[in-house]
Amino acid sequence: MGTWHEYLKTQGTPPEWPYPIKFGEEKELEADVLILGGGIAGCWAAISAARNGAKVVILEKADVRRSGAGGPGCDHWCNVPGNPCSRVDPDTWAIEEMKAGGDFANGIGIQIQCREDWDTLQEMEQMGGKIRDTDDEFLGVEGRQDDTKLMVCSRYSANNSIVLRKDWQEPGFNPPEERNNTVLHVWGTTFKPALRRECERLGVEMYERFMATSLLNENGRQGGRVVGATGVNTRTGEFLIVKAKAVILATGGANDTLWMLDTEHGGLSFSSRNVSSANFDLAWRAGATLTMMEGSSPTTDGAGLGHKWYTGAGDADYENMYLVDADNKVLPAPPHGWADGGALFPANRDVVKRIRDGIESGEFQLPIYGDSAGMKPEEAHATWDLTLSEESGGRAMVKSMRESGFDPGRDQILNYTYMELQPTEQFRNGRGAGVLVDWDLKTTLEGLYAAGTSAFFCGDHSCHALCASNGRYAGRKAAAYVKGAEARSLCREQIDREKARVLAPAQREEGIDWKELHFALNRIMQYYVGGYRSERLFDLALEEIRQLEEYAVPRLCAPDPHKLMRSLEDLSLIQHAKIAIQAMKERRLTARELCVQRLDYPESDPEELKNYLLLRQEDGETKFSRLPIRFWGNMKEEYEKHNPDYAGVYKPENGDGRE
Ligand SMILES: Cc1cc2nc3c(=O)[nH]c(=O)nc-3n(C[C@H](O)[C@H](O)[C@H](O)COP(=O)(O)OP(=O)(O)OC[C@H]3O[C@@H](n4cnc5c(N)ncnc54)[C@H](O)[C@@H]3O)c2cc1C
């Protein structure tokens with residue numbers, strides 16, 4: 001059929017819905033371990049649960065081969081202190097990471113990552129993922145190790161450099177012999193296909209184009225053991241019921257979707273479009289405890305008003321590439337490379353201010369460029385053909401720039417942010433919110449686990465590597481749990497209620513399209529739950545959401561299964577918004593640690609900041625409670641206590657543990 005646009009041009013009408021519509025029909029399945037979301041954490045969870053003997057089913061909204069934030073690729077395997085080039089031991093590095101992540105980072109997730117990340121990466125290599133420069137393509141590039149062919153990456157090469165250190169321009173800062181070598185370059189475009197192949201080899205049943213819509217509790221009682229889930233096919237509308245002894249929630253955890261998924265900010269998010277608050281919504285309705293819902297964070301990590309030359313980095317600055325002004329004067333902006341220990345530039349307000357002042361005083365001339373042409377050729381090659389080409393949407397960008405004649409050895413790249421005078425910090429974002437988990441990555445509900453960005457704040461932008469190692473860990477724990485667990489029967493009444501809720505928009509012949517609802521919710525959050533926060537603004541937001549629920553939700557109309565999926569996502573986003581605002585109202589303080597600025601509570605309360613705010617739903621009512629920060633105890637000791645039998649890297653010759 002060619003592309004949608006070609007079809008429209010030649011036929012003059014949009015094509016018919018190309019799949020059979022099966023609204024109302026049901027399919028039933030059974031699993032030991034059911035995984036919701038086949039992204040990075042979900043795939044690793046599936047593989048490790050299957051290798052530990054469980055019958056595994058994945059429900060994935062898209063196509064496992066490329067779905068999720070890590071689907072298109074990943075070029076930095078962050079925090080892998082167990083790798084042979086590392087200069088720090090994993091337990092020490094976990095403590096360093098906690099220092100960088102602050103009090104509200106998730107010490108459980110970080111400790112698991114630091115201990116098991118290198119094993120996870122070696123397993124990735126076994127599966128066919130590329131983790132070394134085996135073709136000697138990057139000989140001479142800084143960080144390449146000739147013996148192992150591993151490529152140490154400049155990112156975070158000085159301790160705590162995610163927040164720029166003051167001494168980064170001092171002589172001798174970050175010499176090679178002092179670098180921690182904890183971050184490796186990887187060829188992440190090879191990873192998702194390798195994970196999918198391994199799932200297939202292990203007999204994991206993958207139900208793609210199925211969106212999970214709810215968790216099922218024992219006896220249908222909110223807060224009871226989780227015994228399965230429901231889903232809907234995003235092409236046919238068929239309703240799915242899965243009975244499982246354990247469920248792993250791995251639908252991703254885009255904290256920013258409420259604010260960012262609109263036409264003005266598209267792509268700025270660090271998540272996939274398909275990650276639309278399912279983790280919050282599903283866990284909440286089942287009665288699991290959430291935390292960090294009140295946090296916020298600035299959206300500095302990206303380009304100007306919707307422009308972006310690369311979805312993950314700053315505006316025309318990238319590893320080892322300096323920003324220069326129109327007269328080629330180098331700006332005092334760290335290039336988040338070796339020179340500054342891999343600091344992430346946008347994190348630093350002083351730098352932005354210094355450049356802005358320079359522009360206004362005439363010291364720097366607009367426009368500003370990323371000085372690709374000024375890089376050493378071998379470093380430019382690594383930046384363009386490894387770092388950018390392997391990371392998420394970067395490959396498409398590099399390809400189209402090259403096709404339109406861009407030569408990284410000759411050309412520079414325009415930076416938009418400073419010309420637009422974009423606010424440097426827009427507090428339109430969530431921060432670290434997710435499902436509360438313990439040392440088994442088990443949630444507060446029996447039978448329910450959470451992994452990857454679905455769980456609460458993981459630290460270090462909840463990176464791919466953390467999600468992989470945590471997913472692998474959750475799969476192992478869930479497989480151990482199901483060995484002694486019986487499957488419980490499902491509650492038909494709960495299923496029928498959910499089926500009616502899911503299919504309601506499909507049964508209307510006319511009404512409101514999901515896009516209108518979506519845009520309205522984005523606007524409410526951007527206006528009333530933005531940088532400045534107060535009780536009055538929160539109440540206005542809640543009132544507007546109430547009106548949306550009263551007026552728009554009962555009129556949502558989804559004539560095809562794709563629109564149904566988007567409509568259901570928006571219902572999850574509404575749920576997410578209401579939970580977040582409730583938490584914000586409860587936490588009455590201004591706190592840099594949580595990036596919260598309350599106009600009506602300008603003081604920071606040190607006692608209050610020693611707690612996590614927890615919330616869950618019970619019989620339709622919100623229950624709040626607190627947990628002390630660092631509730632997980634001594635990270636090294638607790639990890640060892642919970643993993644005495646950890647077997648290390650998988651040995652294919654030992655089989656997959658099934659009987
Ligand atoms: C541009 C960009 C660059 C990045 N670069 C790096 C990097 O270099 N290094 C690094 O370490 N990290 C990087 N990351 C972050 C990394 O990709 C993510 O942290 C990681 O993919 C998160 O894993 P996850 O399993 O939690 O979520 P995801 O991988 O996003 O998986 C979630 C999955 O759940 C599915 N899903 C969602 N809702 C439902 C539902 N209701 N039912 C069924 N399925 C559902 C989604 O389709 C998706 O497949 C980058 C991210 C982006 C966006």
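Let me start with an open sheet of 4 strands, in the order E13-E9-E15-E16, where the pairing is antiparallel. The names come from DSSP runs counted from the N terminus: H for helices, which are H or I runs of at least four residues, and E for strands, which need at least two. Two strands are said to pair if DSSP finds at least two bridges between them. At the edges stand strand E13 (434-435) and E16, each with a single partner strand, so one side of each has no neighbour in the sheet.

Before going further, two notes on the source. This is a predicted model, in which local features need pLDDT of at least 70 and side-chain atom pairs count only at pLDDT 80 or more, while totals for chains, interfaces and linings use all residues. Residues are numbered from 1 along each chain as its sequence is written.

Back to the sheet. E9 and E13 run antiparallel and are joined by 2 bridges. Thr291 stands opposite Gly434 in E13. Helix H16 (residues 561-586) packs on this sheet, where it touches E9, strand E15 (611-618) and E16. Contact here means that the C-beta atoms of two residues, placed from the backbone, lie within 7 Å. The direction of H16 makes about 130 degrees with that of E15. For such angles, axes are lines fitted to C-alpha atoms, for helices over the stretch in contact, and the values run from 0 to 180 degrees between N-to-C directions.

Met292 lies in the loop between strand E9 (290-291) and E10. Met292 is not a glycine, yet has a positive phi of about 65 degrees. Is Met292 buried or exposed? With 22 other C-beta atoms within 10 Å, Met292 is buried. The cut-offs are these: buried takes 20 or more other C-beta atoms within 10 Å of the residue's own, exposed takes 12 or fewer, and partly exposed is in between, with C-beta atoms placed from the backbone. The other residue is Arg630, in the loop between strand E16 (621-628) and helix H17 (635-642). Arg630 also has a positive phi, about 55 degrees, although it is not a glycine. Arg630 is partly exposed, with 15 other C-beta atoms within 10 Å.

Now a second open sheet. It has 3 strands in the order E10-E11-E12, with antiparallel pairing. Its edge strands are strand E10 (323-324) and strand E12 (413-415), each pairing on one side only. E10 and strand E11 (residues 368-370) are antiparallel over 2 bridges, and Val324 has Tyr369 in E11 as its bridge partner. Pro367 is in the loop between helix H8 (349-361) and E11. The peptide bond from Leu366 to Pro367 is cis, with omega near -5 degrees.

Next, a helix pair. Helix H9 (residues 377-390) and helix H10 (residues 394-403) pack with their axes 6 Å apart, at an angle of about 135 degrees. Trp384, Leu388 and Ser389 in H9 meet Gly394, Arg395 and Val398 in H10.

Which strand is largely enclosed by the rest of the structure? That is strand E7 (residues 226-233), because 8 of its 8 residues are buried. Strand E6 (residues 210-217) runs antiparallel to E7, and 7 bridges join them. Leu215 has Ala229 in E7 as its bridge partner. E7 and E8 form a hairpin with 5 residues between them, and Gly237 in the turn has a positive phi of about 85 degrees.

One more residue, Ile58, sits in strand E2 (residues 56-60). Ile58 counts as buried, with 27 C-beta neighbours inside 10 Å. Leaving aside residues up to four places away in sequence, Ile58 touches several others, including Ile35, Val64, Val204 and Tyr207.

Last, the domains. The protein is divided into domain 1 (309-420) and domain 2 (492-610), with bounds from an automatic or database domain assignment. Their centres, taken over C-alpha atoms, are 36 Å apart.
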